Amino acid sequence: MALKNIKKAIILAGGKGTRLSEYTSEIPKPMIKVGPYPIMIHIMRKLQRDGVDSFYICGGYLIDKIRTYLLANAIEIEEVTPDKLSVKLSTRVLPNATVHLIDTSITSGTAMRIKAVKSYVDDGPFIITYGDGLSDVDVANVEEQLRADKVISICAVPYTERFGLMKVEENGDVTEFREKQTSKTHFINGGYMCAKPELFDYIKDSDFDFSKDTLESDRLQGKISAYIHRGYWKAIDSKKDLDEAVKEYEERGEI
């Protein structure tokens with residue numbers, strides 16, 4: 001299902017990705033490859049199929065690595081300044097889309113990065129997502145949740161325990177084991193968010209982390225809705241996550 005009103009997407013790609021330091025000492029995490037493409041390109045290819053045609057990458061850490069990749073795969077360069085690069089990429093990589101790389105500073109948090117690109121996207125609703133997660137979510141369903149009384153809608157993913165649990169009595173006896181479980185009532189932010197331009201009014205200049213300082217603030221209470229996605233979703237936070245993503249790509253192809 002195609003997006004109805006959204007044509008622009010913000011890609012957050014400026015963090016250091018320290019939990020994957022064996023890779024991110026050399027390249028930013030969104031540039032780590034899964035199959036033939038960096039994670040970030042997989043995300044944009046998926047969103048393009050949903051109807052997005054303009055991407056705004058919020059860079060920071062090792063931004064030159066992203067810039068080099070975009071220039072190497074560009075068929076048209078629209079703008080080059082110290083703080084911004086705008087290109088059209090080759091048909092092989094990302095056909096019929098314009099990609100803008102914005103330097104939002106290595107020291108910025110995600111809330112600051114989003115606010116830094118306000119002037120590029122505040123003429124209508126837009127998508128925000130992180131540059132390190134893969135999903136087959138139909139973002140048109142997330143867009144549908146962006147109702148008249150809401151400012152932002154979120155792709156909600158069921159929370160899954162990372163480890164099984166065991167019950168240990170005071171005397172040291174283990175009396176119960178419980179395997180990893182997926183909650184039926186608790187969810188996490190899957191990262192594919194649809195927002196109205198009014199969102200910028202809710203991001204304070206002092207906000208650093210978008211999730212903690214903005215989304216969890218009282219300011220947005222009653223203004224957030226969610227679409228529950230139960231399909232494929234992969235946050236690439238560790239070597240194990242990356243290995244799984246590569247294997248899944250080899251087995252199923254593009255999301």
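User: What volume does the largest cavity have?

Analyst: About 70 Å³. A volume is the space filled by probe spheres set on grid points joined across faces, edges and corners. This is a predicted model, with local features needing pLDDT of at least 70, side-chain atom pairs counting only at pLDDT 80 or more, and totals for chains, interfaces and linings using all residues. Residues are numbered from 1 along each chain as its sequence is written, and side-chain values use heavy atoms, without hydrogens and water.

User: What makes it a cavity?

Analyst: On a 1 Å grid over the protein atoms alone, a 1.4 Å probe fits at its points but cannot get out. The structure holds 1 cavity of 30 Å³ or more.

User: Why is the link between Asp 237 and Arg 19 called a salt bridge?

Analyst: The rule asks for a side-chain nitrogen of Lys or Arg within 4 Å of a carboxyl oxygen of Asp or Glu. Here the closest N and O atoms are 3.8 Å apart, so the pair qualifies. The partners sit 218 residues apart: Asp 237 in the loop between β15 (233–235) and α9, Arg 19 in the loop between β1 and α1 (21–24). The whole structure has 18 salt bridges.

User: How do you know that β8 and β13 pair?

Analyst: Pairing needs at least two DSSP bridges. These strands share 3, in the antiparallel sense, so they pass. Ile 128 stands opposite Met 193 in β13. Strand β10 (residues 152–160) also pairs with β13, antiparallel, over 7 bridges. There, Pro 158 faces Phe 187.

User: Why do β5 and β14 count as edges of the sheet?

Analyst: The open sheet has 9 strands, ordered β5-β6-β7-β4-β1-β8-β13-β10-β14, with mixed pairing. β5 (74–80) and β14 (224–228) each have a single partner strand, so one side of each is left without a neighbour in the sheet. β5 pairs antiparallel with β6 (residues 84–89) over 5 bridges, and Leu 89 is the bridge partner of Ala 74.

Technical notes:
Helix = DSSP H or I, 4+ residues; strand = E, 2+ residues; numbered from the N terminus. 1 Å grid on protein atoms, 1.4 Å probe; cavity = no way out; pocket = protein on both sides within 12 Å on 5 of 7 lines; lining within 4 Å.
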